[in-house]
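Let me put the sequence and the structure up on the screen, and then we can walk through a few side chains together.

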Amino acid sequence: MPVFTLRQAAHETGLDKMKISRAIKRGDLSASRTGRGGAYEIEASELFRVFSKKGSETSRTDSKRQSETPESSNQINTLKREIEIRDEQIKQLETERRRERDQLDETIQDLRARLNGEADERKRLTLLLTDETRHGKKRRIFDWF
């Protein structure tokens, strides 16, 4: 099985060396480094698994990218649906929060009214008690008759 250098692989596929080098760095294409100078050695089967021979219409990575488009579209639709669901949940939470706040406001108003009523009652009772002691002596129940 033939082994290609980066330059030979570029010549065989009709691509530039940078594109092949990027495929190696991304992990799409397997290659090993030689001991001399660290040049890449790419097996022909591996090269043609990823890229097509020179003159072919598409390479495998191009078809791979084309197949990613529907998946990406499905992912986008899924994410859009998740966003819609979250928006609905947020609206429900805001509605619930408004309802609870209204209930708390009503409770506060009721408690204030009760407190004011109690204060009025306390004033009335205080006036009654002070009225009885205003004459200097406590009135007994028999004094009323």
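Here's one to start with: over the ring of which residue does the charged end of Arg-33 sit? Before you look, please keep in mind that this is a predicted model. The ring belongs to Tyr-40, and the charged end of Arg-33 is 4.2 Å from its centre.

Now to ring against ring. The structure holds one aromatic pair. Its partners are Phe-4 and Phe-48, arranged edge-to-face, with 6.2 Å centre to centre and 75 degrees between the planes. This pair joins distant parts of the chain: Phe-4 belongs to strand β1 (residues 3-4) and Phe-48 to helix α3 (residues 44-50), 44 residues apart. Phe-4 counts as buried because its relative accessibility is 12%, under the 20% cut-off. Phe-48, at 26%, is partly exposed.

Next, please find helix α1, residues 6-13. Its buried residues are Leu-6, Ala-9, Ala-10 and Thr-13. These cover an arc of only 100 degrees around the axis, so they lie on the same side of α1. What covers them includes β1, α2, β3 and α3. On the face turned away from that buried side you'll see the exposed residues Arg-7 and His-11.

Last stop, helix α2, residues 17-26, where we find Arg-26. Arg-26 is partly exposed, with a relative accessible area of 46%. What does its side chain touch? The side chain of Arg-26 makes a polar contact with that of Asp-28, at 2.8 Å.

Thanks, everyone!

Terms used
Residues numbered from 1 in each chain as written. Predicted model: local features only at pLDDT ≥ 70, side-chain atom pairs only at ≥ 80, totals over all residues. Heavy atoms only, no water. Phe/Tyr/Trp six-rings, centres within 6.5 Å; stacked < 30°, edge-to-face > 60°. Helix = DSSP H or I, 4+ residues; strand = E, 2+ residues; numbered from the N terminus. Buried < 20%, exposed > 50% of the residue type's maximum accessible area, 1.4 Å probe, protein only. Lys NZ or Arg CZ within 6 Å of the ring centre and 35° of its normal. Polar contact = N/O pair within 3.5 Å; in protein donor to acceptor, adjacent residues only side chain to side chain. Arc of directions from axis to C-beta. Contact = heavy atoms within 4.5 Å.
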